Amino acid sequence: METKTHTTTAGAGRLDPPHTRQDFGTVRTLVAAYGALSVAVLGTVAVLATNGQPVTSFMWGRSAGVLASAAVTYWLTARAARGARWAYLRMRIISLVMPVAIIAIDVLPGTLPTWFILLQATCALAIGAAAFPLNGAGLRAAFPKGR
């Protein structure tokens, strides 16, 4: 019986070209910004709650959830930069889906205040911008489809 093997990591030489390292550097920076902005949103919610301002449980959950997704996204970015194709593929999907999910949920009428929507939108912009290098020809070439 013949078995097929699937490549789970990029070839050693495929991650070495300067443009590939530069693309991953850009992705890391954008994902770190996504995380930092997520911390800022959660921190703002905490400060407002501490000062007696109206803060809903949805705002707490939403900002904590986005921060958790930022942590997972950063971990996936690190794994992909070391050659894990599975992590790279997940990052490609996350960078396209998360901005849409963040904006779509946040703009539900009457759910969240404008300041919260704007802060979350900056998070969406950061992770959405990572989609460009992740889906670019350089990184796609570094992670060819397995046979």
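Tutor: Rings of Phe, Tyr and Trp (its six-membered ring) count as a pair if their centres lie within 6.5 Å. By this rule the predicted model holds four aromatic pairs. Take W75 and W86. Their ring centres are 5.8 Å apart and their planes meet at 50°, so this pair is tilted. Planes under 30 degrees apart would count as stacked, over 60 as edge-to-face, and the rest are tilted. W75 sits in helix α2 and W86 in helix α3, so the pair ties together parts eleven residues apart in sequence. Helices here are DSSP runs (H or I, at least four residues), strands are E runs of at least two, and both are numbered from the N terminus.

A word on the ground rules. Because the model is predicted, local features need pLDDT of at least 70 and side-chain atom pairs count only at pLDDT 80 or more, while totals for chains, interfaces and linings use all residues. Residues are numbered from 1 along each chain as its sequence is written, and side-chain values use heavy atoms, with hydrogens and water left out.

Now burial. Buried means under 20% relative accessible area, exposed over 50%, and partly exposed in between (1.4 Å probe, protein chains only). W75 has 45% relative accessibility and therefore counts as partly exposed. W86, at 28%, is partly exposed too.

Next, Y88 and F143. These rings are stacked, with 4.4 Å centre to centre and 10° between the planes. The pair links distant parts of the chain: Y88 is in helix α3, F143 is in the segment after α6 (137–142), and 55 residues separate them. Y88 has 1% relative accessibility, so it counts as buried. F143 is buried as well, at 4%. Ring pairs also bring in F24, which forms a cluster with Y88 and F143.

Step back to the chain. It has six helices and zero strands. From the N terminus on, the order is α-α-α-α-α-α. Of its 147 residues, 36% are buried. Contact means heavy atoms within 4.5 Å. Among contacts in the chain with a separation of 6 or more, 77% join residues 24 or more positions apart.

The expected span is 1.5 Å times one less than the number of residues. Its buried residues are M59, R62, S63, V66, S69, A70, T73, L76, T77, A80 and A81. S69, with a relative accessible area of 17%, is buried. Leaving aside residues up to four places away in sequence, S69 touches Y34 and M98. G61 also lies in α2. With a relative accessible area of 44%, G61 is partly exposed. Its C-alpha is 9.2 Å from that of L42, 19 residues away along the chain. After α2 comes G83, with a positive phi near 110°.

Helix α3 (residues 85–106) packs with α4 (residues 114–129) at an angle of about 170°, the axes 8 Å apart. Axes are lines fitted to C-alpha atoms, for helices over the stretch in contact, and angles run from 0 to 180 degrees between N-to-C directions. The two helices are therefore roughly antiparallel. That label takes angles over 145 degrees; under 35 is roughly parallel, 65 to 115 roughly perpendicular, and the rest oblique. On the α3 side, the contact uses I94, S95, M98, P99, I102, I103 and D106. From α4 come F116, I117, Q120, A121, A124, I127 and G128. The residues of this contact split into ten nonpolar, three polar and one charged. Nonpolar means Ala, Val, Leu, Ile, Met, Phe, Trp, Tyr, Cys and Pro; charged means Asp, Glu, Lys and Arg; the others, Gly among them, are polar.

Helix α4 has 16 residues and reaches 22 Å between its first and last C-alpha, close to the expected 22 Å. Its buried residues are F116, Q120, C123, A124, A126, I127 and G128.

Last, A131 in helix α5 (residues 131–134). At 9% relative accessibility, A131 counts as buried. It touches S95 and L96, not counting residues up to four places away in sequence. A131 and R92 are 39 residues apart in sequence, and 6.3 Å apart C-alpha to C-alpha.
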